Every structure is written in C-alpha cells, then in structure tokens.
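Please read this note with the coordinates open.

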Amino acid sequence: MTNESFKINGESLLKKVKELIEEGNIRKITIKDKHGKELMTFPLTIGVVGAVLAPVLAAVGALAALTGECTITVEREE
C-alpha cells in the first residue's frame, strides 16, 4: 500500500474527497487540520456506494465549511 497527501483548502475538500472515492483504489482517507491534528478518518472498502457514503460526504461537507486549510492523506491499494 502507498500513502499520498494533498494540501487543500476547505472549499475544495468535498470535491477532492469525491474524486478520490471515484478512483476506486482507496483503502482509507484521513483529513487533518493545518496543525496536523486528525479531524476525520474513514475506511473505504470495495463495493461501497452512494447511500453508504452519503453521511460521510455530509460530514466532510460540514468539516469543509469550518476548515481553512487541511491535508488529506490517502492510503491506496497497489
């Protein structure tokens, strides 16, 4: 597995998370604030779709409204 990080502002957070989920090879997404404090982490398993992700995306959207700058760390399948 490989890890990848993105620095992003709150306005783009939800869009980026949705893009990452659509890629399909993601195992886990962690969102940290600009000080490195973990704000949210959620695993993604194969076959996770729309209705299951709706509450997670709603939480990410709320977090985006409160966060100025954050880092998304992605754990990918090889």
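The points below start with the basis of the values and go on to the helix and the salt bridges.

1. This is a predicted model: local features need pLDDT of at least 70, side-chain atom pairs count only at pLDDT 80 or more, and totals for chains, interfaces and linings use all residues. Residues are numbered from 1 along each chain as its sequence is written, and side-chain values use heavy atoms, with hydrogens and water left out.

2. Helix H1 covers residues 10-23; its 14 residues should span 20 Å at 1.5 Å a residue, and the 21 Å between its end C-alpha atoms agrees with this. The expected span is 1.5 Å times one less than the number of residues. Helices (H or I, at least four residues) and strands (E, at least two) are DSSP runs, numbered from the N terminus.

3. Gly-10, Leu-13, Lys-16, Val-17, Leu-20 and Ile-21 are the buried residues of H1. Seen down the axis of H1, these residues fall within an arc of 135 degrees, so they line one face of the helix; the arc is taken from the directions from the helix axis to the C-beta atoms. Buried means under 20% relative accessible area, exposed over 50%, and partly exposed in between (1.4 Å probe, protein chains only).

4. On the face of H1 turned away from the buried side sit the exposed residues Glu-11, Lys-15 and Glu-22.

5. How many salt bridges does a search of the whole structure find? The search finds 3, where a salt bridge is a side-chain nitrogen of Lys or Arg within 4 Å of a carboxyl oxygen of Asp or Glu.

6. Glu-4 and Arg-76 form a salt bridge at 2.6 Å, N to O. This pair links distant parts of the chain, with Glu-4 in strand E1 (residues 2-9) and Arg-76 in strand E4 (residues 69-76), 72 residues apart. Arg-76 is buried at 11% relative accessible area, whereas Glu-4 is partly exposed at 31%.

7. Glu-23 also forms a salt bridge with Arg-76, the closest N and O atoms being 2.6 Å apart. Glu-23 is in helix H1 and Arg-76 in strand E4, so the pair ties together parts 53 residues apart in sequence. Glu-23 is partly exposed, at 45% relative accessible area.

8. Glu-77 and Arg-27 form a salt bridge with closest N and O atoms 3.1 Å apart. Glu-77 lies in the segment after E4 and Arg-27 in strand E2 (residues 26-33), 50 residues apart. Glu-77 is partly exposed at 37% relative accessibility, and Arg-27 is partly exposed at 34%.
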